[in-house]
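Reader: I'm new to this structure and would like to zoom in on just one part of it. Could you pick out a helix and walk me through what it packs against?

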Amino acid sequence: EQFHFREITGKTKIFGVTGFPLKVSASPHFFNTVFDIEKTDAVYIPFPADSIHSLIRLAEEIRISGVSVTVPYKESVLPFLFCKSDLVQSIGACNTIVSSADGWMGYNTDAQGFTDSLLEFSGRKDLRGKRVTIVGAGGVSRAVAAEVYRLKGKALILNRTAVRARDVALPYKFAWASLDNKGIEMMEKYADIIIQTTSVGMEPLPDADPIEFYHFTGKELVMDLIYKPAKTRCLVRAEASGCRILNGYDMLIRQARYQYTYFMGKEFPPSLISRVKLQE
Ligand code: ATR
């Protein structure tokens, strides 16, 4: 691959990604490639920060235009926002902040990317009449549950720790259960779409399947939000049973394109959709 030197001046817009510990992130490659192709006078830099407060201070001092906010700051960034999108408001988590004259605007492109990915995968406009199992009850699960509710689906939240499943389910009157035999049995009534949101099976963790005792009928649509490995044990098993499957890459790249839109104030160039990938 060719190396391009891009001149950086006082006018160059600065964007970046923050988190702690900041994992080697695919987003700098994504944004810098787009800036390069589009000849945009902007750079995208990883900013590890040991508190969201110190990141915000730095961002204001050096006039950062926009930041992708990753784990563990998606909730703690909320008090620093001047304005929250409806999704940020309803989910209580923000992964994209954009500087404005009044202060920071906060968006949740994880939810937008997830929803687009799910709707295209299922070939639907909403989830009316659909029964969905959501595996996991962490931050990702909360965003997924909020979107399934907004799309008018009915869901079962399954989690190793049952009380956390209840906390996710309660605001939407969804069903909830622990990931034991009874929970797995309940899945049979919520098996149109299965969405795996836990970190179980994610590299470099050991290969594992959080719903290993569930028998796929082959009719379920199965989405695992993990993208490394490209096929988790759960997806391999689902596919072998005849299910249609989708991993988390599609959601990830869609959320990055939405971030581009908020950062630049214009649509992601359609001609770049097939050209610019996320890579580490
Ligand atoms: P995220 O923001 O990625 O959702 P999180 O808030 O740490 O991260 O949530 C991690 C999810 O993975 C939780 O649902 C967690 O289950 P618990 O609430 O019981 O901790 C789930 N998880 C992690 N390791 C797991 C394991 N070994 N078996 C089953 N579930 C696991």
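**A close look at helix α4**

Author: Let's start with a pair of helices: α4, residues 109–122, packs with α5, residues 139–150, at an angle of about 55°, and their axes are 10 Å apart. Because angles under 35 degrees would count as roughly parallel and 65 to 115 as roughly perpendicular, this pairing falls into the class where α4 is oblique to α5. As for handedness, α4 passes α5 in a right-handed crossing. Keep in mind that this is a predicted model.

Who does the touching here? On the α4 side you'll find Asp110, Ala111, Phe114 and Thr115. Facing them from α5 are Ala143, Val144, Ala146 and Glu147. Sort that contact by class and you get 5 nonpolar, 1 polar and 2 charged residues.

Now for another partner of α4. Helix α9 covers residues 249–264, and α4 packs with α9 at an angle of about 130°, with the two axes 8 Å apart. That angle makes α4 oblique to α9. The crossing of α4 and α9 is right-handed.

The list of residues in this contact goes like this. From α4 come Thr109, Asp110, Gln112, Gly113, Phe114, Asp116 and Ser117. From α9 come Asp250, Met251, Leu252, Arg254, Gln255, Tyr258 and Gln259. By class, that contact has 4 nonpolar, 6 polar and 4 charged residues.

Let's step back to see the surroundings. The domain assignment gives domain 1 as 13–107 and domain 2 as 111–250. Where they meet, 5 residues of domain 1 are in contact with 5 residues of domain 2. The domain 1 side of that meeting place has 3 nonpolar, 1 polar and 1 charged residues.

And the whole protein? In total there are 9 helices and 12 strands. The radius of gyration is 19 Å, close to the 19 Å that the globule rule gives for 280 residues, so the protein is as compact as a globular protein of that length. Along the principal axes, the C-alpha atoms fill a box of roughly 60 × 40 × 35 Å.

How values were computed: Residues numbered from 1 in each chain as written. Predicted model: local features only at pLDDT ≥ 70, side-chain atom pairs only at ≥ 80, totals over all residues. Domains from an automatic or database assignment. Contact = placed C-beta atoms within 7 Å. Nonpolar A, V, L, I, M, F, W, Y, C, P; charged D, E, K, R; others polar. Axes fitted to C-alpha atoms, helices over the stretch in contact; angles between N-to-C directions. Helix = DSSP H or I, 4+ residues; strand = E, 2+ residues; numbered from the N terminus. Parallel < 35°, antiparallel > 145°, perpendicular 65-115°, else oblique. Left-handed = near helix turned anticlockwise from the far one by under 90°. Rg over C-alpha atoms; globule rule 2.2 N^0.38 Å.
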